[in-house]
Amino acid sequence: MYQPEPMANQLPAAFRPCAVIPVYNHEHAIGAVVAAVLARDLPCVLVDDASSASCAAVLDALAAANPDRVTLLRHAVNRGKGGAVLTGIQHAATAGYTHALQIDADGQHCTDDIPRFLQQAAAKPDSLIAGCPQYDDSVPSVRLYARYLTHVWVWINTLSLDIKDSMCGFRVYPLPSLVRLAQRTKLGERMNFDIEVLVRLYWDGVAIVNLPTRVAYPTDGISHFRAGLDNLLISRLHATLFFGMLWRAPRLLGRRLSAPWGAR
């Protein structure tokens, strides 16, 4: 059983992870999330996506209290979750980190699972470690149904069942692969980001490791998912990815056929 102790002496020297946390008006939950990340000896990159003054003040205080372990970046205008994650990823790569653990600022992810995610990433450094949510009763049923529709589209657009959940924002990226993707492809910067980046990295040949993890409804009760606009963006993304899948289909099918029988 994995214990939530500091990880510094348990991971390979060549493995240098940090946490990237996009923040937009989650001042009531972000303190506990940052404390849990720092308790694992994990440097933290906070990206303030043009939050309110009250949230900005909380982030300032967190950075001031932990100057050697917390980096605070700011957007002058709101760019969306994906835009904030990409800003953090670019900074992490420039700073010499090899991997970035993405976790939401609203407290919905189980921070006790951070050591397990990092150990998997260290053992398989070229893979993307993706959270596969295990929800409690706090999640609205409509969200579960909507997620299943996205799962089906992702399975179609990858011609595989290798990605169990593409919407969970708790994951570990191998930074070289993600930076190369971001340099050549304009990725969605809002709620479509989590889905698109997983599918495109899979297309690039990055292996996906799915890890079950408990997920609760946001502890501060705030969700920035906009039912109309974000569903439209996601629907348009699925269509775009579908046509991208078509010309990649021979290669994707070839990958499936060449994989060991038990991995298909």
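I take a polar contact to be a pair of N or O atoms within 3.5 Å; within protein, one must be able to donate a hydrogen and the other to accept it, and residues adjacent in sequence count only if both atoms are side-chain atoms. The model is predicted, so I note that local features need pLDDT of at least 70 and side-chain atom pairs count only at pLDDT 80 or more, while totals for chains, interfaces and linings use all residues. Residues are numbered from 1 along each chain as its sequence is written, and side-chain values use heavy atoms, with hydrogens and water left out.

**Entry 1: Thr158**

I located Thr158 in helix α5 (residues 141-158); helices (H or I, at least four residues) and strands (E, at least two) are DSSP runs numbered from the N terminus. I found a polar atom of the Thr158 side chain 2.8 Å from the backbone oxygen of Val154. Is Thr158 buried or exposed? Thr158 counts as buried, at 0% relative accessibility; buried means under 20% relative accessible area, exposed over 50%, and partly exposed in between (1.4 Å probe, protein chains only). Leaving aside neighbours within four places in sequence, I list Ile163, Val199, Tyr202, Trp203 and Leu252 in contact with Thr158, contact being heavy atoms within 4.5 Å.

**Entry 2: strand β5**

I counted six of the eight residues of β5 (residues 128-135) as buried, so this strand is largely enclosed by the rest of the structure. I then looked up its partners; two strands pair if DSSP finds at least two bridges between them. Strand β7 (residues 208-215) runs parallel to β5 and is joined to it by eight bridges, with Pro133 opposite Thr213. Strand β6 (residues 171-174) is antiparallel to β5, with two bridges, and here Ile129 faces Val172.

**Entry 3: cysteines**

I searched the whole structure for disulfides, meaning pairs of cysteine sulfur atoms within 2.5 Å, and the search returned zero. I record both residues as buried: Cys18 has a relative accessible area of 0%, and Cys44 has 1%.

**Entry 4: helix α3**

I checked the length of α3 (residues 81-94): its 14 residues should span 20 Å, and its end C-alpha atoms are 20 Å apart, which agrees. The expected span is 1.5 Å times one less than the number of residues. I found α3 mostly covered, with 10 of its 14 residues buried, among them Lys81, Thr87 and Ala92. Gly96 follows α3, and I note its positive phi, near 95 degrees.
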